[in-house]
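Welcome! Take a moment to look it over, then read on topic by topic.

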Amino acid sequence: MKTIAFGPIHADLPALRACFAQAEKEGFDRIVHVGGVAGDGPDPEGCVRFLYDRNIRGVRGPVDEAAAQAADGAGRGMTLYARRLLADLPFELRKRTGGRILAVYHGSPVDAGQPLMETTPEPRLLEAGQASGADILVVGGGDAFWHRQAGGRHFVGPGPLPGRPGSGMAGYAVIESDAQVHVAFRQVPYRP
């Protein structure tokens, strides 16, 4: 089973399109995202609609929550329809993949605002893994691609979908789970 995992999208529609096009070329069984769809990029509405139109499932991050509620100016310029789509995103997404359970979170199984990262101490990873009960946890924490194992579980940070501002690179994680779990990362050039 091959899962493509998009990190926080940050309202960057060109990066989202480039990653999706590359994922289509590569092939996949499913695509998931870790939220952060609205973000501070140029096209939150376009990103919400792009994901919805392609049935790409994911979770809600704090910025998506704020945009859905039009709090603190977030979601400004977004239609009510797009804000409702953001509001409908769950806290957690669980999928069966190759006999395992894959769970997607924006931050952690306990709190969307407290992300797991590559540098997270192992006891905290173990605690998060136990809280989730999943075999593979995909989380939106950190600005880098990362994969760690703890307590027999895999923790994957697909990095932010658009790379650092001005880099012209976007990326995502590829998780293959059959007899074993293999994680790889892809980078894709795009025009911001």
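A residue counts as buried when its relative accessible area is under 20%, as exposed when that area is over 50%, and as partly exposed in between. With that in mind, note that this is a predicted model.

**The cysteines**

- How many disulfides are there? The count comes to zero disulfides.
- Cys19 takes part in no disulfide, and the nearest cysteine sulfur, that of Cys47, lies 11 Å away.

**Helix 2 and its cover**

- Cys47 belongs to helix 2, where the buried residues are Pro44, Glu45, Gly46, Cys47, Val48, Phe50 and Leu51.
- Helix 2 covers residues 44-53, and seven of its ten residues are buried, so the rest of the structure largely encloses this helix.
- What covers those buried residues? The cover includes helix 1 (13-26), strand 2 (30-33) and helix 4.
- After helix 2 comes Asn55, which has a positive phi, near 55°.

- His10 sits in the loop between strand 1 (2-6) and helix 1.
- The phi of His10 is near 55°, which is a positive value in a residue other than glycine.
- Ala11 is found in the loop between strand 1 and helix 1, and Ala11 has a positive phi near 55° as well, again in a residue other than glycine.
- Is His10 buried or partly exposed? His10 has 30% relative accessibility, so it counts as partly exposed.
- Ala11, in turn, is buried, because its relative accessible area is 0%.

**Helix 3 against helix 4**

- Two packed helices are described by the angle between their axes and by the distance between those axes.
- Here, helix 3 (residues 62-69) packs with helix 4 (residues 80-87) at an angle of about 140°, and the axes are 8 Å apart.
- Why are helix 3 and helix 4 called oblique to each other? An angle has to be over 145 degrees to count as roughly antiparallel, and the angle between helix 3 and helix 4 is about 140°, so the two helices are oblique.
- The crossing of helix 3 and helix 4 is left-handed.
- Which residues make the contact? Helix 3 brings Asp64, Ala67 and Ala68, while helix 4 brings Arg83, Leu86 and Ala87.
- Sorted by type, the residues of this contact are four nonpolar, two charged and no polar.

- Leu89 lies in the loop between helix 4 and strand 4 (93-97).
- Leu89 has 16% relative accessibility, so this residue counts as buried.
- Which residues does Leu89 touch? Leaving aside residues up to four places away in sequence, Leu89 touches His33, Gly58, Val59 and Arg60.
- Leu89 and Glu65 are 24 residues apart in sequence, and in space their C-alpha atoms are 9.0 Å apart.

Definitions and conventions
Residues are numbered from 1 along each chain as its sequence is written. This is a predicted model: local features need pLDDT of at least 70, side-chain atom pairs count only at pLDDT 80 or more; totals for chains, interfaces and linings use all residues. Side-chain values use heavy atoms; hydrogens and water are left out. Axes are lines fitted to C-alpha atoms, for helices over the stretch in contact, and angles run from 0 to 180 degrees between N-to-C directions. Helices (H or I, at least four residues) and strands (E, at least two) are DSSP runs, numbered from the N terminus. Angles under 35 degrees count as roughly parallel, over 145 as roughly antiparallel, 65 to 115 as roughly perpendicular and the rest as oblique. A crossing is left-handed if the near helix is turned anticlockwise from the far one by less than a right angle, and right-handed if clockwise. Contact means heavy atoms within 4.5 Å. Ala, Val, Leu, Ile, Met, Phe, Trp, Tyr, Cys and Pro count as nonpolar, Asp, Glu, Lys and Arg as charged, and the others, Gly among them, as polar. A disulfide is a pair of cysteine sulfur atoms within 2.5 Å. Buried means under 20% relative accessible area, exposed over 50%, partly exposed in between (1.4 Å probe, protein chains only).
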